[in-house]
Structures are given as structure tokens and as C-alpha cells.
Amino acid sequence: MVKETYKKVLLLGLALLIVAGILVIMLKGFNVNMMYKQHEEIVLNIGKEYSIEDVDNICKEVFQNKKYQIRKIERFGESFAINVINITDDEKDQLVEKVNEKFESEFKVEDVEINTIANVRIRDWFTPYIRSIIIAMVITIIYMIARFRKNHPIANVAKLLLINILTILALGSVIAIARLPIIPSLISCILSIVLLEMCVYISKNINKE
Amino acid sequence: MEKNYTKFRNIALILIIILITLVAFVGIYTKKLNTYKDFIPEYKKGMDFDGFVELKFKLSDKSEEKEVWIDENGDFKGYVVKEDDTAEEETQGPEEASKESENEHVSIFKKETRTIKDNEDSVLNKESYNRTKNIIERRLRDVGVSEYNIHLDNSTGNLTIDMPDSKDVTSLYQLVTSKGQLNIIDSNDGVVLIDGKHIKSASAVYGQSQKGDGGYQVYLQIIFDKEGTKLLKDVSTVYVDSTDSEGNTTQKTIEIQLDGQTITKTYFSSANGPIGNGQIQIPVGSSTTDNATFSDYLSSTSKTATVIDSGRLDNLYTLTSDVFVVSKISDNFILIAKIATCILLLLITIVLAIAFKGKGFLAGISNIGFISLLSIMIRYTNVTITFNSLIILSMLELLNIIFIVMLLKAINNTKDGSKIAFADTVKKYYLAIIPVIIFALILTFESTITVGTIGMIAFWGLFVQLIYNIVITRTFYLQ
């Protein structure tokens, strides 16, 4: 009786979570890591070694609340790239001035280029997985039908697929609501969780037999 | 007596595990040329850890006024070859040969001056950019670049490609900057005789040199489709060497051009008859007995073949920058991660020891040995380490802990002996993880590193787990 109640509460909670997640995705979308969104980049070669902390301090002063990322460029450690969601003319002027001040360089504002880096489509992350996952899923379903052939195979497969889909939706909702940054490795996280779920389900049913 | 034997055996196993762990995390250093190097190969790191080359390309905006041949519908039929472009014929009567050809085409086609742009307005759209991007991706995969990211700006068409650094990177520019337009043209007037759209496939092949010098000759082999085969047969009938009544030999020559650059200028031998099989083999460089030269020829011809075989790009790009981006993951971070992993493994051992006492402690030690052996195996099997593979390694570690816990519970619950408990546990465990085995086997065969590394790590992890648990873990509990 208590177990049934817990199950109902869990299912209700899950449903609410998924609905909330879908709403957040429709209104705000996922929080994609800045490096995968369209953003702007400035590359500076200062001709001598530098400390990332110094560049970081300059960026904090110039960009304040904006998210930015500093990347070391080239193996000699004399260049860096600053990636920001967008760079205004004022920010560019300030950045050049502070870099010249700190590193004794002679950059001119008009010579420093701002490059626009295009976004990476999230669906492109899934493309390499699609074919393999479909083939593996088909073989897994065939195995499961064979495994549960004496015990409602179709119902078991359908139940497992439903659990997997709900898990993926729930994880997606948590990621969207908590505004966790989306990165390509998330796909292998989700894949691992789904595979573990399948193993637990099969294991429970083996024990029942 | 038996107790002493069991103690001695377990101590020996623990020492073996300590040895494997030291080899995996510290290494075996041997002296090579006045420096000490680890005998165990290094990890093969992906772009996430090793850094990458960032290539930026923009759409070429070049345009040029050129004289072209057009047919009655105004369709392009070739660039008019100016008289000073035509190389001298080697035989008598070059003027006669060119005049004859030009006369033929002059009666069919008209000359017109047009502004030829590298990227016409009709291909400056999202669909063309995406088609171009797909072809470039295919080219990268075909030449074996298994790890890459492509950022396409749909509004400007500009491309940024990230790929692992290698000595071949500059030769890979061609995959993006070459349209892949191969044409066979009349070398005298420039009329396109066979358009590249009739190419079915292209490949690099080689064979022994026909000069009899023992060397090998690399060829670019082009196979045409049905329409192309017909055209090739006609061309190989007309563009041949011939001897007139006075004994003068003339040759009607063709040029094979890739993106407007001549690969070769030749004619077909009348003695061999027309080519009916739709295949031509274009020699690349000269025959050679030197391995390094041969490899270079074969490598560059393979790239050219890939460019042709993958299809023509809608858009033409020029390279604007080529920089190496250092990985965000510093050596310090890796050291911290290694220490954190060691601490986590010790914590797991402590938890198992608390839960299952002495048996749990042995299981924890066994688990450490499994991770150590797996890390050595990964290095020897040349599996690329990426963030994806670390996630799968975590999953494998979790699976191993599950196996260990199942085994310990089975041993505690059984009176029949640990052998039977082990056999039962193995059966239940491997039946349950069949989906993981299936996914590991399928994903291993993916050519892209992003997906392939997941399969390879999972496959080797499960393989090492099976062998290791049979040899080491089981032995701990044998009575």
C-alpha cells in the first residue's frame, strides 16, 4: 500500500518535472555553453610570455558581467584569444588600452579584428551517434524479446523503452531548469545512464525468474 | 596449513596488484639516449586534452572577366583558351590540329565574355553552405580525420574547422579550398568535353612501372558513369594521334583539369582503340623505387581522389587563419584528477571493507587493480582519450563495483563455496549487461572518434573486467 503511494507520488513528481522542463525549453531553450553559441573572438599576439591571470583580470575589468573565455593560442605561449558573446566598440578600445598598458605592446584599435564565430547546431552533435544507436537498439530489442519470450516480451520491451524515454526527458528537464551548460559529452552521460537502467531492469527480471 | 596458503596467496595477489598499479600510475622508466622514458606508451589524447588546430575559411569573393564558350541556351561550355596559352604541338601541323578543333566547336558554340565569380550569387545561401559543409565532412572522414568540429556561419558562409594537430594539416587545406571540379577539355580551344558530373568514382591506385625499372607508379583512377563512358569513348576516338598521307603525325590533345589547374595534357593512342570501359588512369609524378617518395605521391593522390570522389563543393573557400589552440586541461589539472581518482578508489575500498569486512577490503584492492590494468590496456590499444571516454570509464568502474558487490553478497549467502558463487554471479551479471556489450561492439566500428572511443573503451573495459575478475578477483575467494 505504502509502496503504491510512493510510486504514484514519484510518477506525479516526474510528470511535473518533465512538464516544467518542456516549458523552460520552449521559453528559454537550453543553456548552451558560450563556445558553442555564436560569439565573437579577438586574437592577440603579444610577442612574449604572459600570465593567464593577468589576461583574466583585464577581461574582468573590461567585460564585467559578460561571460568570456580565454584560450592560449600557439605553442610558444605568446598569443591568446578572448571569446565573448559580443564585443562592443567601447569594450574593444578598453581591452586594447589595458593590454598595451599591461604587456607593453603597441596594438592599434583599428588593426585588431573581431571575428564572429558561428554557432554549432546541437543536432550536429547527435548526428554521429544516430546510426550506431539505432542499430544497437534494434539488436538490444531483439535480445530482450528473446530473453523475455516466456514472459510478455513486447510488454517488457515497451515498458523498458518507456522508462528510458522518461529518464531522458527527466534528465533534459533537470538540465534545462538548473540551466546546466550543454556540452557534447552530455550525450555519452545520458547514454551511460540509459544503458545502466536497461541492465538494472533486465537484472530485476532475471531475479524474478 | 590451508589458512597459511590462503594468506600467502592473497598477499601475493595484493603485491601483483600493487605492481600493476605502480606500472600504470608511475610507469617503468628505461634509459634511452641519455634520458629516461616510460616503457609503457603514452595515452593517445583527443582534441579535448591535446589541443587542436583551428582553421578559419571565408568565402572567396574573387571575380574575373573571362571569355567563355556557350551553347545555344547560353549554358557554359568551357573557358576559351587564348592562343598564347596553347602549348606547341610536338609534331608537324600544330596549327592544322588546333584550327580543325576550333572549327568544329566554333560551328557549335559561341564565344562570350562573362564575369566569372568564385561564388556565384546562386550559391550564396544556407542550403548551399550546408551542402558544402556535408561534403567537407565526408572528405575529412575519408582521409581519416576522425575527430573534428565544424562551425558554419549560415549568414556569411564562413567556416571554422577544429581538428587534431598533425604534420599533415597543411595538406588538408585542399579538402576545403578545392572545389573538386574535374573536367576533360580540348587543349586547343578549352571546350569541356567531359564534365566532372559524369564521374562515378575516383581513387588512388599504383602498379609496377611499365618502364621496367623496378619502380612503382601512382595513378589517379577515374571511373565514369554511363553517360561519361559514352563521352569518353567518343573522346578517345577523336583525340588520338594520326598519320596523314604524307607521313606527318598529328595529335589532338586533351587536358585533364582539376579546379582549372592542368593535371595532365595527353592524347589517346589510336593503336589501343577507343576506351569503352569508362576508366582512365592518370599517372602522378614519375615511377620511383624510393619508399618515401612513393608514399608522398600516394598520399597526395589519395587526397586528390577524395576531393573528386566526394562531390563538387557549391562554394569556394580561402583559408584566412590557421592557429593552434592549447587545451584548457593543464598538466596540473590532470595531476589533480589522478590524485582525486586514487582517493576515490581508496574510499571505495574503505566502504567495501566496512560493509563486507576482510572480503570487502580484498574486493576494493582488486578493483584498484582492475582500473590500473585497464589504463595500461588503453595505452597499448591506442584508444583515444576524450571526455566521452572518461564518462564511459566511470560507467565501467560503476559496473565493476556492482559486480564485486553481487559477488560478495553471493559468497556471504552461499554455503557451497566461492567457485559456485562466482559462476552464478558471472552468469547473472553478464546476462544483465548484454545491452552494454551490444552497444560497445556496435559503437566500436564508428569511424568518428567522438562515438568510436565510447565503443572501444567499453569493449576493452568489459574484456579486461572478465579476464581480470576470473584470474585475480575469483582467486581471492577460492577455498
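This is a predicted model: local features need pLDDT of at least 70, side-chain atom pairs count only at pLDDT 80 or more; totals for chains, interfaces and linings use all residues.
1. Overall form of chain B. The secondary structure of chain B comprises twelve helices and 20 strands. For its 479 residues, a compact globule would have a radius of gyration near 23 Å, whereas the value for chain B is 32 Å. Along the principal axes, the C-alpha atoms of chain B fill a box of roughly 110 × 55 × 50 Å. As to burial, 46% of the 479 residues of chain B count as buried.

2. A separation within chain B. Lys110(B) is placed in strand β7, which covers residues 110-117 of chain B.

3. Salt bridges in general. Over all chains, a search of the whole structure finds 19 salt bridges. As a general principle, side chains of opposite charge can pair when their charged atoms come close. Three of these contacts are taken up in the points that follow.

4. Arg71(A) and Glu41(A). These two residues form a salt bridge in which the closest N and O atoms are 2.5 Å apart. Arg71(A) belongs to strand β3 (residues 68-73) of chain A and Glu41(A) to strand β2 (residues 39-45) of chain A, so the pair ties together parts that are 30 residues apart in sequence. Both Arg71(A) and Glu41(A) are buried.

5. Glu61(A) and Lys98(A). A second salt bridge joins the side chains of Glu61(A) and Lys98(A), with an N to O distance of 2.9 Å. This pair links distant parts of the chain, 37 residues apart: Glu61(A) is in helix α2 (residues 52-63) of chain A, and Lys98(A) is in helix α3 of chain A. Glu61(A) counts as partly exposed, at 45% relative accessibility. Lys98(A) is partly exposed as well, with a relative accessible area of 23%.

6. A contact between chains. Glu446(B) and Arg131(A) form a salt bridge, the closest N and O atoms being 2.9 Å apart. The pair crosses between chains: Glu446(B) is in the loop between α11 (434-444) and α12 (449-477) of chain B, while Arg131(A) is in helix α4 of chain A. Glu446(B) is buried, with a relative accessible area of 9%, whereas Arg131(A) is exposed, at 55%. Salt bridges that share partners also join Glu41(A), Arg71(A), Glu54(B) and Lys56(B) into one network.

7. Charged patches on chain A. Asp89(A), Asp90(A), Asp93(A), Glu97(A) and Glu101(A) form a negative surface patch. Among them, Asp89(A) lies in helix α3, which spans residues 89-103 of chain A. Asp89(A) counts as exposed because its relative accessibility is 61%. A patch of positive charge on the surface gathers Lys3(A), Lys7(A), Lys159(A) and Lys204(A). One of these, Lys7(A), lies in helix α1 (residues 2-27) of chain A. With a relative accessible area of 52%, Lys7(A) is exposed.

8. A nonpolar patch on chain B. Ile11(B), Leu15(B), Ile18(B), Leu22(B), Val26(B), Tyr29(B) and Tyr36(B) make a nonpolar surface patch of about 740 Å². Helix α1 (residues 2-25) of chain B contributes the largest share of this patch, four residues. Tyr29(B) lies in strand β1 (residues 29-32) of chain B. The relative accessible area of Tyr29(B) is 47%, so this residue is partly exposed.

9. Positive phi angles. Two residues deserve a look at the backbone. His152(A) is not a glycine, yet has a positive phi of about 50°. His152(A) is found in the loop between α4 (122-147) and α5 (153-177) of chain A, and is exposed, with a relative accessible area of 59%. Lys357(B), also not a glycine, has a positive phi of about 60°. In this case the residue is found in a helix, namely α8 (residues 331-380) of chain B. Lys357(B) is exposed, with a relative accessible area of 59%.

How values were computed. Residues are numbered from 1 along each chain as its sequence is written. Chains are lettered from A and ligands numbered from 1 in the order in which they are written. Side-chain values use heavy atoms; hydrogens and water are left out. Patches are made of residues with over 30% relative accessible area and no salt bridge: like charges are joined within 9 Å, nonpolar side chains (Val, Leu, Ile, Met, Phe, Trp, Tyr) within 5 Å. Accessible areas come from the Shrake-Rupley method with a 1.4 Å probe; for residues, only the protein chains shown count as cover. A salt bridge is a side-chain nitrogen of Lys or Arg within 4 Å of a carboxyl oxygen of Asp or Glu. Lys and Arg count as positive and Asp and Glu as negative; His and the chain ends are not counted. The place of a charge is taken as NZ of Lys, CZ of Arg, CG of Asp or CD of Glu. Buried means under 20% relative accessible area, exposed over 50%, partly exposed in between (1.4 Å probe, protein chains only). The radius of gyration is taken over C-alpha atoms; the globule rule is 2.2 Å times the number of residues to the power 0.38.
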